Structures are given as C-alpha cells and as structure tokens.
Amino acid sequence: MKDRIKKLQKEKDVAILAHYYVDGEVQKIADYVGDSFYLAKTATKLKNKTIIMAGVYFMGESIKILNPEKIVHMVDVYADCPMAHMITIKKIKEMREKYDDLAVVCYINSTAEIKAYCDVCITSSNAVKIVSKLKEKNIFIVPDGNLASYIAKQVKNKNIILNEGYCCVHNLVHLENVIKLKMNILMLRFWLTQNVKRKF
C-alpha cells in the first residue's frame with residue numbers, strides 16, 4: 001500500500017503533511033510530520049503543486065493562505081478544533097471599541113477568518129517574544145485563554161486580556177492528576193526494586 005501511495009504521489013506531484021496528533025499509520029506515509037507551525041512553514045518550501053494535509057481544518061487554511069497557487073486537500077474536511085471557534089469577530093470588534101491602545105494577537109490555532117481581524121499571529125514558541133515587542137499596552141490574545149495566561153506571567157509590562165477559549169483536551173490535565181501519576185510511577189519503581197531480581 002505504501003509503495004502504491006508513493007507511486008501516485010510522484011505521478012500526481014503530491015506532498016503529504018501530517019500533524020503529530022493524527023494516527024501513526026498516517027504519519028508513516030507522510031512526507032513531513034510536525035506541529036501546525038512547522039507544517040505551515042514547510043509547505044512554503046515545497047515544489048509540489050498539490051498538498052494533502054492530515055490534520056484539522058485551520059491547518060489546511062494556513063497552508064492555503066501561505067501557498068495560494070497550490071491545491072490543498074484536507075484528508076477530512078470535518079476534522080476541526082473546537083478552540084478555534086471560541087472567539088468571534090463580534091468580540092474582537094467589541095474589544096477594539098473598549099480599548100484605544102489595543103493589539104489583537106491571534107494564536108496560530110485559529111480560523112483564517114479570525115486571523116484576518118487580528119494584528120499579529122503567534123505560536124506557542126514565539127508568543128512571549130512577539131508580545132513583549134508590541135508597542136500597544138493592551139493585548140487581547142485569542143482564542144486560547146491558557147496561552148494568554150502563560151504570556152501574562154512572562155510579560156509583566158503589558159495588560160494581557162484573556163479570552164475564554166481553551167483546548168478541551170488540555171483543560172482535562174490538572175495538577176492533582178500529574179501528582180497522582182508521578183506517585184504511581186515512584187511506587188512501581190520501588191516495587192520493582194524490591195521484587196524483581198536482576199538477571200545476568
């Protein structure tokens with residue numbers, strides 16, 4: 001199957017990009033695997049006329065924006081990220097009316113429509129650096145409230161305004177769960193040292 005896919009790719013001049021979160025079998029046939037920012041950057045360097053994106057919808061949008069001359073296909077057009085829709089254009093407009101000195105900063109994990117209403121787009125790796133260099137005092141970060149909260153702790157000289165958006169998966173991770181898991185691992189290690197004899 002893999003050989004057949006590679007043959008078709010060559011015939012049709014297609015590159016396959018896959019996000020870390022997709023199934024491992026899909027990643028095996030992909031030409032490039034990474035996070036949304038890496039894949040968007042990689043797409044700009046590809047010479048293929050067609051790109052197949054295995055990921056959520058906003059990733060395909062980002063690739064198309066950066067490569068308007070290319071044909072971009074989504075493996076599943078219904079694959080979506082709920083957080084990407086946790087901000088509205090109406091809310092952005094309301095915030096612009098409320099604050100004179102405001103920059104709207106958009107996390108890359110958002111829709112193309114929302115990106116069009118923002119001043120700058122960030123990733124989790126460059127967010128602090130970019131926000132700290134903005135001339136505006138008030139910074140509205142969308143859609144991820146958790147990322148905004150982290151930036152607020154790092155950039156003290158700005159008024160970071162949090163949106164109520166969140167990743168429904170990441171929001172399930174709580175400190176008590178991490179502590180419990182760590183304790184279980186420590187207990188397992190202790191049990192192994194007491195009950196398993198090393199064989200030579």
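In strand β7, the bridge partner of C106 is V142, and in strand β6 the bridge partner of C106 is C121; helices (H or I, at least four residues) and strands (E, at least two) are DSSP runs, numbered from the N terminus. This is a predicted model, in which local features need pLDDT of at least 70 and side-chain atom pairs count only at pLDDT 80 or more, while totals for chains, interfaces and linings use all residues. Residues are numbered from 1 along each chain as its sequence is written, and side-chain values use heavy atoms, with hydrogens and water left out.

**The sheet**

- The order β6-β5-β7-β8 describes an open sheet of 4 strands with parallel pairing, where two strands pair if DSSP finds at least two bridges between them.
- The edge strands, each pairing on one side only, are β6 (120-122) and β8 (159-162).
- Neighbouring strands of this sheet are turned by 30° against each other on average, direction ignored, with axes taken as lines fitted to C-alpha atoms, for helices over the stretch in contact, and angles running from 0 to 180 degrees between N-to-C directions.

**Strand β5 and its partners**

- Strand β5 (residues 102-107) pairs with strand β7 (residues 138-142) in the parallel sense over 5 bridges, and L102 has N138 as its bridge partner in β7.
- Strands β5 and β6 also run parallel, joined by 3 bridges.
- Strand β5 is mostly covered, with 6 of its 6 residues buried, where buried means under 20% relative accessible area, exposed over 50% and partly exposed in between (1.4 Å probe, protein chains only).
- In a regular strand the side chains alternate between the two faces of the sheet.
- From β5, L102, V104 and C106 point one way, whereas A103, V105 and Y107 point the other way, and all are buried.

**A nonpolar surface patch**

- V173, L175, V178, I179, M183 and L186 form a nonpolar patch on the surface, which together has about 570 Å² of accessible area, as given by the Shrake-Rupley method with a 1.4 Å probe, where for residues only the protein chains shown count as cover.
- Patches are made of residues with over 30% relative accessible area and no salt bridge, joining like charges within 9 Å and nonpolar side chains (Val, Leu, Ile, Met, Phe, Trp, Tyr) within 5 Å; a salt bridge is a side-chain nitrogen of Lys or Arg within 4 Å of a carboxyl oxygen of Asp or Glu.
- M183 lies in helix α9 (residues 175-195) and is partly exposed, with a relative accessible area of 43%.
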